[in-house]
Each structure stands twice: as C-alpha cells, then as structure tokens.
Amino acid sequence: MLFRSRDRIEAWLRRGLIRRSFPYGETYTTSDYSGAVLWIPPDSTHDGPLDEIKLRLALIKIAGWKRVAEVRNAMRLIDAGHQTTPSMELRVIGVDPESQRHGIGRALITPMIARCDGDGLAITLLCTKERNVGFYRRLGFDVTSEVTIPDGPHLWHMRREPGA
C-alpha cells in the first residue's frame, strides 16, 4: 500500500480535486446531490513550482518519508499515459452507491459529450476500476494505455474522440 492511511489520502485527494476543478466552473451535480462530475478544461493552468512543493510536503505527511519516492514514481507512471493533445478531462465522477445503475452517471456525462462533440474536442479520463471500463466504452471512449502501479491499482487511460 502506497499510503499509510486511506482516510488521509482520500482527504488529500478531495482537497486537490476541489482546488483544481471548482475554479473552472465545470463541476456539476444532480439536483438531489446523489451524483457529481468534475471536469478540467483544456485551457486550465498547470501547477507551478509552489504547487509542486505543496504536493511534496503533502506526500511526506500522507505516505511518510520512506514512501515518497515510491508515490512519486507511481505518479510518473500515471502521467506517462496522459495524452498531450488538448482535451476536456473528466477528472472525477461519483454517484451515491444507492443511486447507481439508474442512469445518473450517463446523465452527468452526456451533456459534456455533446458540448465537446460540437466543439470538436476530445475527452480524456483515468479509469480506476475495471468494472467501469465497459461503461465508458459504451459512451464512445477507447482505452489508450494501461498502467499497473507496483503494490497499487491497475488503471486505464481512456479517450473519446469528437463524434465517437
């Protein structure tokens, strides 16, 4: 396990997602908040040197000194599969477990698919669960690469070309 505490990593990820997603105005929820989706547009700014320092300090706190290099290597493996052409990034989608399998995920994603199709813009995502690969494929996404993190998860980089 790369991190000492699942609670710590989840809290760290939530803070990072909020910081990275909310400023772009591309975060959407269902009216009852049973589902949410966070998008990162292609023109978003990337982290600068101060953000990198904050990331390293957070990794030390979460993973411990002995695991920082291991976590950074895992992050490099993930980054190596990212597409370099501009795309809308589906950063996170979540549906309350009790509300899953009722079309909420599809309803959250399809408006952005239509918008990106109209703009001629691809959509990318990092799928963290094998059971979700088929869901994304039915929406027109293809697996572009796979990554296995040592002592960690198997991940799928996926991309949807406009009009797929």
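The following questions and answers concern the predicted model of one protein chain.

Residues are numbered from 1 along each chain as its sequence is written. The model is predicted, so local features need pLDDT of at least 70 and side-chain atom pairs count only at pLDDT 80 or more, while totals for chains, interfaces and linings use all residues; side-chain values use heavy atoms, with hydrogens and water left out.

Reader: What percentage of the residues in the protein chain is buried?
Author: Buried means under 20% relative accessible area, exposed means over 50%, and partly exposed lies in between (1.4 Å probe, protein chains only). The chain has 164 residues. The buried share of these is 37%.

Reader: How much of the accessible surface belongs to carbon and sulfur atoms?
Author: Accessible areas come from the Shrake-Rupley method with a 1.4 Å probe, and for residues only the protein chains shown count as cover. For the protein chain the accessible surface comes to about 10200 Å². Carbon and sulfur atoms hold 54%.

Reader: Among contacts between residues at least 6 apart in sequence, what share joins residues at least 24 apart?
Author: Contact means heavy atoms within 4.5 Å. Among contacts in the protein chain between residues at least 6 apart in sequence, the share that joins residues at least 24 apart is 66%.

Reader: How many disulfides does the structure hold?
Author: A disulfide is a covalent bond between the sulfur atoms of two cysteines. Here it is counted as a pair of cysteine sulfur atoms within 2.5 Å. Cysteine 116 is buried at a relative accessible area of 1%, and cysteine 127 is buried at 2%. The number of disulfides in the structure is zero.

Reader: What distance separates the end C-alpha atoms of helix α4?
Author: The expected span of a helix is 1.5 Å times one less than its number of residues. Helix α4 covers residues 104–119, which are 16 residues, so it should span 22 Å. The value in the model agrees with this, the end C-alpha atoms being apart by 24 Å.

Reader: At which residue does the kink in α4 lie?
Author: The bend at a residue is the angle between axes fitted to the seven residues ending there and the seven starting there. In α4 the kink is about 30° and lies shortly before proline 111. The residue is threonine 110.

Reader: Which elements do the buried residues of α4 pack against?
Author: The buried residues of this helix are Ile104, Gly105, Leu108, Ile109, Met112, Ile113 and Cys116. They pack against β1 (27–29), β2 (35–40), β3 (87–95), β4 (122–127), α5 (130–138) and β6 (154–160).

Reader: Is arginine 160 buried or exposed?
Author: Arginine 160 is in strand β6. Leaving aside neighbours within four places in sequence, arginine 160 is in contact with Ile113, Asp117, Ala122, Ile123, Leu139, Gly140 and Phe141. Because its relative accessibility is 4%, arginine 160 counts as buried.

Reader: How far apart in space are isoleucine 113 and methionine 88, C-alpha to C-alpha?
Author: Isoleucine 113 is found in helix α4 and is buried, with a relative accessible area of 8%. Beyond its neighbours within four places in sequence, isoleucine 113 is in contact with Ile123, Leu139, Phe141 and Arg160. Isoleucine 113 and methionine 88 are 25 residues apart in sequence, and their separation in space is 9.5 Å.

Reader: What is the relative accessible area of arginine 101?
Author: Most residues other than glycine have a negative phi. Arginine 101, although not a glycine, has a positive phi of about 70°. Arginine 101 is found in the loop between β3 and α4. This residue is exposed, with a relative accessible area of 85%.

Terms used
Helices (H or I, at least four residues) and strands (E, at least two) are DSSP runs, numbered from the N terminus.
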